[in-house]
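Here's a quick walk through a protein chain, from its overall build down to a couple of residues. Have a look at it first.

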Amino acid sequence: GKKIEGGHSILNEGWGAPPDLQFHYWAPIKQEIDKSVIGKVDAIINLAGAGIADKRWSGKRKKEIVGSRVLAAKLLVKALTEFPNHVASVLNISAIGWYGPDSKRASEHEAFTETDPPDSAFLGDACRQWEESIAPVHSLGKRLVILRTGIVLSNEGGAFVEFKKPLRFGIAAIMGRGMQIMSWIHLDDLCRLFIYSLGNKQVSGIYNATAPKPIDNASFTLALARKLRQDHFIPVHIPSFILKLVLGELSIEVMKSAKVSSEKIKTAGFQFVYPSVEAALEDLCK
């Protein structure tokens with residue numbers, strides 16, 4: 001697209017998106033935003049935040065992960081408070097990192113639900129601060145929806161692309177013993193969930209954005225290997241100490257087992273196009 005000048009909207013002409021897609025200036029770190037856009041929109045979807053798995057979790061990176069999310073949310077709250085607007089709905093992303101490992105799950109729960117408390121580890125606390133920062137939107141009379149997303153499966157990037165890389169060499173890389181449960185969602189279902197949440201006023205509050213059928217890491221890896229390589233692959237378990245050497249503290253999240261329930265959003269009427277890994281892989285590997 002064109003260079004942003006003076007905070008005015010621009011048309012995207014550079015990467016094949018619809019020609020009427022507009023950009024508006026905002027800078028969460030500086031707490032600056034183009035106030036003209038706030039009065040023009042009916043809904044806001046906030047996806048801002050530094051990538052969780054893009055870099056090792058140094059002290060500086062942890063501050064970036066938390067700060068990028070908290071400052072973005074606070075800027076939106078500030079803008080909606082200070083500038084005249086008719087925004088009716090705000091959708092804010094969070095993550096299932098809110099939850100701890102399955103070993104901390106309340107005994108009466110089969111899976112983590114939206115009422116479970118945040119984990120005390122870094123990612124759980126980061127999600128808590130993230131959600132608390134956007135919460136004042138509700139007191140402004142706006143409908144607030146928070147979606148705690150699982151691992152997003154997409155060929156456009158993220159975890160799924162990383163899962164596929166070892167298979168180029170015929171290696172099905174299983175993380176540790178592979179028994180940890182992965183709660184995931186297909187990118188198409190996540191985008192459909194955005195639209196569904198904004199279009200249905202009865203959807204309000206916090207929902208887990210995860211497919212109905214979580215799967216353990218080994219089963220997922222082998223299913224992906226069979227889809228891409230038929231029988232021409234070798235399963236290899238990557239020891240946890242190797243993951244720790246390569247990933248640092250992030251390895252804790254890679255190895256964490258978290259079975260998360262999607263019942264609340266299903267009860268709200270949302271239907272998944274890709275409820276199982278088999279269905280998701282059929283689409284992503286075709």
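What follows starts with the whole chain and then turns to single residues.

This is a predicted model, so local features need pLDDT of at least 70 and side-chain atom pairs count only at pLDDT 80 or more, while totals for chains, interfaces and linings use all residues. Residues are numbered from 1 along each chain as its sequence is written, and side-chain values use heavy atoms, with hydrogens and water left out.

The protein chain has eleven helices and 14 strands; these are DSSP runs, with helices (H or I) of at least four residues and strands (E) of at least two, numbered from the N terminus. Its C-alpha trace spans about 60 × 45 × 40 Å along the principal axes. Of the 286 residues, 45% are buried. Buried means under 20% relative accessible area, exposed means over 50%, and partly exposed is in between (1.4 Å probe, protein chains only).

Two residues show both ends of that scale:

As for the chain's contacts with a separation of 6 or more, 77% come from residues 24 or more positions apart.

Note on methods. Contact = heavy atoms within 4.5 Å.
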